[in-house]
Amino acid sequence: MNPIINEIEKEYTQKEMPDMNPGDTVKVFVRIIEGNKERIQAFEGTVIKKHGSGINKTVTVRKVFQGIGVERVFAIYSPRIEKIQVLRKGDVRRSKLYYLRERSGKATRIREKMEKR
C-alpha cells in the first residue's frame, strides 16, 4: 500500500479497539446528537460481519428488538464511536453469519468460546 496513505491513516487508527470477531456479543457506545444536546447510546448485539481494513474497517452488529431484527454497520475508527466492549466471545466456524437472519429464538444461540489455560 502507499506509504503516504499509511502515514495519514496512522493518526486516525491510534484509538485502542478490542479484538472482536464474528460471533462475539459486543456493546457499542455511540455518540448521538439531538438538537444541541449530545448523549451516548449503547447498541448491544452479535457481530455478524467484519469488513475492510485500516481506517475503513467496519463491523456489522445485529440484535433482535421487539421481534424485529436490527442490523447496524459501525465504522470502528469513527469519532462517533465512544468505545466497544466485548461481552462474550463466540465460537463460530465461518466469517459471515448471514444465516442468523433467517433464524429466530433459540436457533440464534452461539456457543461461547472457552479459554485455554
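Visitor: Which element supplies the largest share of the lining of the largest pocket?
Guide: This is a predicted model, in which local features need pLDDT of at least 70 and side-chain atom pairs count only at pLDDT 80 or more, while totals for chains, interfaces and linings use all residues. Residues are numbered from 1 along each chain as its sequence is written, and side-chain values use heavy atoms, with hydrogens and water left out. Strands (E, at least two residues) are DSSP runs numbered from the N terminus; β3 and β4 each supply at least two lining residues. The largest share, three residues, comes from β3.

Visitor: How many residues line the largest pocket, and which lie nearest its centre?
Guide: On a 1 Å grid over the protein atoms alone, a pocket is an open set of points where a 1.4 Å probe fits, with protein on both sides within 12 Å along at least five of seven lines; lining residues have an atom within 4 Å of a point. By class, the lining has four nonpolar, eight polar and five charged residues, where Asp, Glu, Lys and Arg count as charged, Ala, Val, Leu, Ile, Met, Phe, Trp, Tyr, Cys and Pro as nonpolar, and the others, Gly among them, as polar. The lining comprises 17 residues, and nearest the centre lie Thr 46, Arg 62, Val 64, Leu 100 and Thr 108.

Visitor: Over how many bridges do β3 and β4 pair?
Guide: Two strands pair if DSSP finds at least two bridges between them. Within this pair, Thr 58 stands opposite Ala 75, and Lys 63 has Val 70 as its bridge partner. Strand β3 (residues 58-65) and strand β4 (residues 68-75) pair in the antiparallel sense, over eight bridges.

Visitor: Which residue of the β3 and β4 hairpin takes a positive phi?
Guide: The hairpin has two residues between the strands. The positive phi, near 55°, belongs to Gln 66.

Visitor: Which strands stand at the edges of the sheet?
Guide: The open sheet of five strands has the order β4-β3-β2-β1-β5, with antiparallel pairing. Each edge strand has a single partner, so one side of each is left without a neighbour in the sheet. The edge strands are β4 and β5 (81-88).

Visitor: Is Phe 74 buried or exposed?
Guide: Phe 74 lies in strand β4 and touches residues including Val 28, Phe 43 and Ile 81 (contact means heavy atoms within 4.5 Å). Buried means under 20% relative accessible area, exposed over 50% and partly exposed in between, with a 1.4 Å probe and protein chains only. At 6% relative accessibility, Phe 74 is therefore buried.

Conventions:
Helices (H or I, at least four residues) and strands (E, at least two) are DSSP runs, numbered from the N terminus. Lists of a residue's contacts leave out its neighbours within four places in sequence.
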